[in-house]
Amino acid sequence: MKAIGIHEFGGPDVLRVLDLPEPQAGPGEVRIRVHAAAVSPTDVLLRTGGHAVRMPGRRPPFVPGMDAAGVIDQLGPGADGRLALGQRVVALVLFTGPHGGAYAEQVVVPAASVVPAPEGAGFPEASTLLMNAMTARLALDVLSVPRHGTVAVSGAAGAVGGYAVELAKADGLTVIADAAERDGELVRGFGADHVVKRGPGIAGRIRALVPEGVAGAVDGSVQTTELVPAIGDGGALAELRGWSGPAERGIRVHPVMVPDRIDDTAGLDTLCRQAEKGVLTMRVAEVLPAAEAARAHRLLEAGGLRGRVVLDFS
């Protein structure tokens with residue numbers, strides 16, 4: 001089968017078209033004929049060597065990709081009875097695992113990480129959902145802000161940030177989100193109750209709306225110490241890139257790692273059903289042939305995307 005991967009860490013040009021053995025589904029696993037794979041910042045981190053510590057003893061080639069959408073073409077022994085051959089599905093893929101990531105014509109994953117794709121969504125749209133939405137879901141869950149409480153979301157125009165706003169509103173929370181001027185209407189469209197200017201001084205602008213500070217914040221744009229002062233005493237901050245503090249005034253900092261929920265079948269399915277109902281907005285910035293993965297990584301690293309670049313393996 002064809003896949004996109006690397007033999008050495010480096011810039012986008014280290015990504016190559018690979019010819020790999022066709023994988024086989026083992027006990028409790030399914031194989032997906034991949035039609036679309038979303039490109040995310042964690043894929044760049046793998047390409048540049050940032051995930052090497054999580055793959056002790058593994059030898060290249062390494063195949064990136066945590067989001068796959070496609071059709072089940074093989075069921076392993078004891079695979080989940082809720083899944084069927086030919087079914088349209090999405091999956092969270094652990095690229096640090098033995099089977100590699102989603103940038104491939106076929107990928108083998110545990111059945112627990114596979115759920116029916118959102119009805120009415122094409123494969124490119126569906127491939128943008130699970131990793132980003134589950135990251136946002138996990139971030140809100142660790143904050144544990146009670147219904148009618150107030151949360152702040154930085155990076156609200158981004159993939160995770162947009163889902164965090166939509167999920168927080170579905171949870172009955174008041175949301176203060178940041179946005180550049182050009183993204184203000186986009187973020188309001190996600191349901192944000194208040195939109196403040198992004199960048200330095202964000203905490204002061206949030207405190208102007210909530211003088212006592214928000215109960216929790218989802219840091220979708222790695223603002224870390226800039227965002228902490230916006231949080232009330234004893235509140236919580238969900239960090240998406242591993243920062244763990246410290247923070248003063250009893251504020252709890254929670255680094256959020258989506259692999260912690262990679263086998264949360266019920267949670268993954270709920271996100272897909274919310275996408276069907278329009279609670280969550282799947283956004284595709286551009287669809288590229290899989291062989292243009294290097295270009296996709298350059299687009300991502302250049303910043304400013306509103307949605308995910310998707311690789312077409314169909």
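These legends go with several close-up views of one predicted model.

Because it is a prediction, local features need pLDDT of at least 70 and side-chain atom pairs count only at pLDDT 80 or more, while totals for chains, interfaces and linings use all residues. Residues are numbered from 1 along each chain as its sequence is written, and side-chain values use heavy atoms, with hydrogens and water left out.

View 1. UniProt, in an unreviewed entry, places "domain: Enoyl reductase (ER)" at residues 10-311; its positions follow the numbering used here, feature names are shortened, and annotations may be inferred rather than shown by experiment. The end C-alpha atoms of that span lie 20 Å apart, and the span is 25% helix and 27% strand. Helices (H or I, at least four residues) and strands (E, at least two) are DSSP runs, numbered from the N terminus.

**View 2. The six-stranded sheet.** Here's an open sheet with parallel pairing, in the order S10-S9-S8-S11-S12-S13. Its edges are S10 (194-197) and S13, each of which pairs on one side only. From one strand to the next, the twist averages 20°. Two strands pair if DSSP finds at least two bridges between them; S8 (residues 150-154) and S11, for instance, share four, in the parallel sense. Look for Val153 opposite Val218 in S11.

**View 3. Strand S12 and its partners.** Seven of the nine residues of S12 (residues 231-239) are buried, so the strand is largely enclosed by the rest of the structure. Buried means under 20% relative accessible area, exposed over 50%, and partly exposed in between (1.4 Å probe, protein chains only). S11 (residues 214-219) pairs with S12 over five parallel bridges, with Val214 standing opposite Ile231. S13 (residues 252-255) runs parallel to S12 too, joined by four bridges, and there Ala236 faces Arg252.

**View 4. Helices across the sheet.** H4 (residues 159-170) lies across S8, S9 (174-179) and S11, at about 165° to S9. H6 (residues 202-209) lies across S8, S9, S10, S11 and S12, at about 150° to S10. Contact means heavy atoms within 4.5 Å; axes are lines fitted to C-alpha atoms, for helices over the stretch in contact, and angles run from 0 to 180 degrees between N-to-C directions.

**View 5. Helix H3.** The 14 residues of H3 (residues 130-143) reach 20 Å from first C-alpha to last, close to the 20 Å expected at 1.5 Å a residue (1.5 Å times one less than the number of residues). Twelve of the 14 are buried, so H3 is largely enclosed by the rest of the structure; among them are Leu130, Met134, Arg137 and Leu143. Just after H3, Ser144 takes a positive phi of about 55°.
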